[in-house]
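Dear colleague,

I am passing on a structure for you to look through, and my notes follow after it. Please read them beside the coordinates and tell me where you disagree.

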Amino acid sequence: MNCENSAALSAKASGEAVNEDRRGFVKKLTATTLALGFVGAVVECGRFLKPNVLYESPKVFKVGELEKYPFGSRTVIEGKGVEIVREKDGIHAISLVCTHLGCLLKPVDNDPGVGYACPCHGSTFTLKGEVLGGPAPKDLPWYEMYMDQTGALVVDASKVNQKRSKLVV
Ligand code: FES
């Protein structure tokens with residue numbers, strides 16, 4: 001075997017090695033792509049089987065013991081859109097959801113004539129929830145409230161307290 005043949009054989013062997021490397025790379029790439037596709041399909045099937053539901057927070061919820069609410073207090077219940085107002089003649093739960101487009105109202109402490117103000121379009125309400133001004137079309141509802149057997153105060157936001165009667169405690 002002469003030198004030229006040896007070089008040609010060496011180049012051919014080197015070319016085959018490169019081809020083997022490419023084939024190996026393509027096989028790995030294909031296997032990885034298929035594996036990722038399979039995992040994606042499994043995840044999507046799982047999501048399809050699980051209902052895509054927005055869970056609403058319960059309408060009936062405990063707000064704690066009476067001692068938590070001293071006379072004259074106004075307590076916003078975070079995440080519930082409700083304020084608990086305790087006065088000498090009773091306690092009540094009032095909605096903090098604006099009757100215009102549903103923004104969360106801010107309790108007003110520094111104006112005796114205004115109880116709540118809407119940060120969205122400027123509606124204002126008295127402490128009892130009556131509309132004072134702005135685009136809000138209706139007064140704020142009061143919700144039914146009761147004390148359960150354990151002594152905890154419970155707000156039932158599914159029932160509007162039409163008479164606006166305070167829970168006497
Ligand atoms: S949402 Fe309150 S005034 Fe518009």
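This is a predicted model: local features need pLDDT of at least 70, side-chain atom pairs count only at pLDDT 80 or more; totals for chains, interfaces and linings use all residues.

**What was found**

Strands β4 and β9 are antiparallel partners, joined by two bridges, where a strand is a DSSP run of E of at least two residues and a helix is a run of H or I of at least four, both numbered from the N terminus, and where two strands count as paired if DSSP finds at least two bridges between them. Within this pair, Ile94 is placed opposite Trp142 in β9.

Residues are numbered from 1 along each chain as its sequence is written.

The β4-β9 pair belongs to an open sheet of six strands, in the order β1-β10-β9-β4-β3-β2 and with antiparallel pairing. Because β1 and β2 (74-77) each have a single partner strand, they stand at the edges of this sheet, and one side of each is left without a neighbour in it. From one strand to the next the twist averages 30 degrees, with axes taken as lines fitted to C-alpha atoms (for helices over the stretch in contact) and angles running from 0 to 180 degrees between N-to-C directions.

Strand β10 (residues 152-160) is joined to β1 (residues 60-65) by five bridges, the two running antiparallel, and it also pairs in the antiparallel sense with β9 (residues 142-147) over five bridges. Val155 in β10 has Phe61 opposite it and also Met145 opposite it, while Asp156 in β10 is faced by Glu144.

Strands β6 (residues 116-117) and β7 (residues 124-125) are antiparallel partners over two bridges, with Ala117 opposite Thr124 in β7.

Turning to burial, 16% of the 169 residues of the protein count as buried, which here requires 20 or more other C-beta atoms within 10 Å of a residue's own, while 12 or fewer makes a residue exposed and a count in between makes it partly exposed, with C-beta atoms placed from the backbone. The largest nonpolar core has 19 residues, and those with the most contacts inside it are Val82, Ala93 and Ile94; such a core is a set of buried Ala, Val, Leu, Ile, Met, Phe, Trp, Tyr and Cys residues joined through C-beta atoms within 7 Å. At least two residues of this core come from each of β3 (82-87), β4 (90-95), β9 and β10.

Leaving aside neighbours within four places in sequence, Val82 is in contact with Ile77, Ala93, Ile94, Ser95, Leu96, Tyr143, Val155 and Ala157, a contact being two residues whose C-beta atoms, placed from the backbone, lie within 7 Å. Of the contacts between residues at least 6 apart in sequence, 33% join residues at least 24 apart.

Lys138, in the loop between β8 and β9, is exposed, because 11 other C-beta atoms lie within 10 Å; Lys138 and Thr99 are 39 residues apart in sequence and 5.8 Å apart in space, C-alpha to C-alpha. Arg164, in the segment after β10, has a phi near 55 degrees, a positive value in a residue other than glycine, and Arg164 is partly exposed, with 14 other C-beta atoms within 10 Å.

With best wishes
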